[in-house]
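Have the structure open and follow along.

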Amino acid sequence: SVDPTKTYHGDAVRGEKTFNVFCASCHGEAGLGYAAGGSGPGIGLQGFLDVASDDFIMQTAKRGRIGTAMKPMVGAEGIANLAESDISDVIAYLREGNASLYELYSTDLSQPGDPKKGELQFQVNCVSCHQQGGSGKMGFAPSIRNRDFLAIASDNFIRSTVQNGRIGTAMVARPDLSPAVVSDIIAYLRDLQIENPVTVDLDPSKVVQGDVLEGGNKFQLYCASCHGENGQGYVAGGPGPGIGLPGFLNAASDDYILQTVKLGRMGTSMKSFIGPAGIVNLKEQDVNDIIVFLRSLND
């Protein structure tokens, strides 16, 4: 029987010590949960604390959760033999420390991430799709350690992709990953050894002009065999990603697409298509037409 009106009064300072000893290993530093790499939910986050009464937290600590890693923590049958007063202290810490939790959770994005931490986070969160070292897998997930991708993809582009995901693909939104964790993953990708690195001056504000009908015809000729008839990518059985899906088009600028077609992607089936070095010697205007066609798919 949970009393939603009941409040517990404890010592937040003692509660922090108790939390760090008995709770942080699962619920993460300061109760940030999954976002801090913990295996348990974020019981220090405002979204949880707004809906969970003190007695809800107390009863959870007393009873645990059958079928999960959350075991009873209170009394002789609890795995830590804590007293109710210890849990009261933890509740006080969670309630009173909530403002400082967000301060601790936030990160200065101007500061570079840690590639060593990023490698660990990549193994946990990314490797199942993007493979070891971010090499990707044709028809499944693109290479994100690729020289040409890293040359044109800004940190904000990668950050936005992680936060928002790609609609219609297996790349789900990951708002559970903190800004610091994403910065570490980006630092890891940037730190990977690549051959013949290149620098690309990308203009994210560039908007190209072209002919939709011409673009559709050229897309079918040069792009559909990999990216699917309407750019749906893997979901349509294509070996290339879904460049006609809104998740991609909302994140990729016109110049990002143009530079990709110019450069290709080293180590993948995406070759350069523009100029005499391109496999079909397209002009930039041909690619502009294709970009306008792709944009029209989501109008």
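Which residue lies over the face of phenylalanine 140? Lysine 137 does, at 5.7 Å from the ring centre. For a charge to count as sitting over a ring, NZ of Lys or CZ of Arg has to be within 6 Å of the ring centre and within 35 degrees of the ring normal.

## Before we go on

This is a predicted model, where local features need pLDDT of at least 70, side-chain atom pairs count only at pLDDT 80 or more, and totals for chains, interfaces and linings use all residues. Residues are numbered from 1 along each chain as its sequence is written, and side-chain values use heavy atoms, with hydrogens and water left out.

## Around serine 143

Serine 143 sits in the loop between helix H8 (127–130) and helix H9 (147–152). Helices here are DSSP runs of H or I with at least four residues, numbered from the N terminus. With a relative accessible area of 12%, serine 143 is buried. That word means under 20% relative accessible area, while exposed means over 50% and partly exposed is in between (1.4 Å probe, protein chains only).

The side chain of serine 143 has a polar atom 3.3 Å from the backbone oxygen of glycine 134, and this side chain also reaches the backbone nitrogen of asparagine 146 at 3.5 Å. Once neighbours within four places in sequence are set aside, serine 143 is in contact (heavy atoms within 4.5 Å) with Gly134, Ser135, Gly136, Phe149 and Thr268.

## Two loop residues with positive phi

Glutamine 131 is also in the loop between H8 and H9. Its phi is near 70 degrees, a positive value in a residue other than glycine. Glutamine 131 is partly exposed, at a relative accessible area of 24%.

Asparagine 81 is in the loop between H4 and H5. Phi is positive there too, near 55 degrees, and again the residue is not glycine. At 53% relative accessibility, asparagine 81 counts as exposed.

## Charged partners

Side chains of opposite charge can pair when their charged atoms come close. How many salt bridges does the structure hold? There are 11, a salt bridge being a side-chain nitrogen of Lys or Arg within 4 Å of a carboxyl oxygen of Asp or Glu. One of them joins lysine 62 and glutamate 84 (2.5 Å, N to O). Lysine 62 belongs to helix H4 (residues 54–63) and glutamate 84 to helix H5 (residues 84–96), so this pair ties together parts that are 22 residues apart in sequence. Lysine 62 is partly exposed at 29%, and glutamate 84 is partly exposed at 35%.

Aspartate 11 and arginine 14 make another salt bridge, with their closest N and O atoms 3.7 Å apart. Aspartate 11 is partly exposed at 27% relative accessible area, and arginine 14 is partly exposed at 47%. Now look at aspartate 148 and arginine 147: their salt bridge has its closest N and O atoms 2.8 Å apart, and both residues are buried.

## Rings together

A pair of aromatic rings is described by the distance of the centres and the angle of the planes. Rings of Phe, Tyr and Trp (its six-membered ring) pair if their centres lie within 6.5 Å; planes under 30 degrees apart count as stacked, over 60 as edge-to-face and the rest as tilted. A search of the whole structure turns up 7 such pairs. For phenylalanine 149 and phenylalanine 157, the centres are 6.4 Å apart and the planes are at 65 degrees, so this pair is edge-to-face.

Are these two phenylalanines buried or exposed? Phenylalanine 149 is buried at 8% relative accessibility, and phenylalanine 157 is buried at 9%.

## Helix H16

Helix H16 (residues 284–296) has 13 residues, which at 1.5 Å a residue should span 18 Å; its end C-alpha atoms are 18 Å apart, so the two agree. The expected span is 1.5 Å times one less than the number of residues.

The buried residues of H16 are Asp286, Val287, Asn288, Asp289, Ile290, Ile291, Val292, Phe293 and Leu294. Their cover includes helix H12 (212–222), helix H14 (246–249) and helix H15 (254–263). Asp286 and Asp289 also belong to a network of salt bridges that links them with Glu214 and Lys218.

Note on methods:
Polar contact = N/O pair within 3.5 Å; in protein donor to acceptor, adjacent residues only side chain to side chain.
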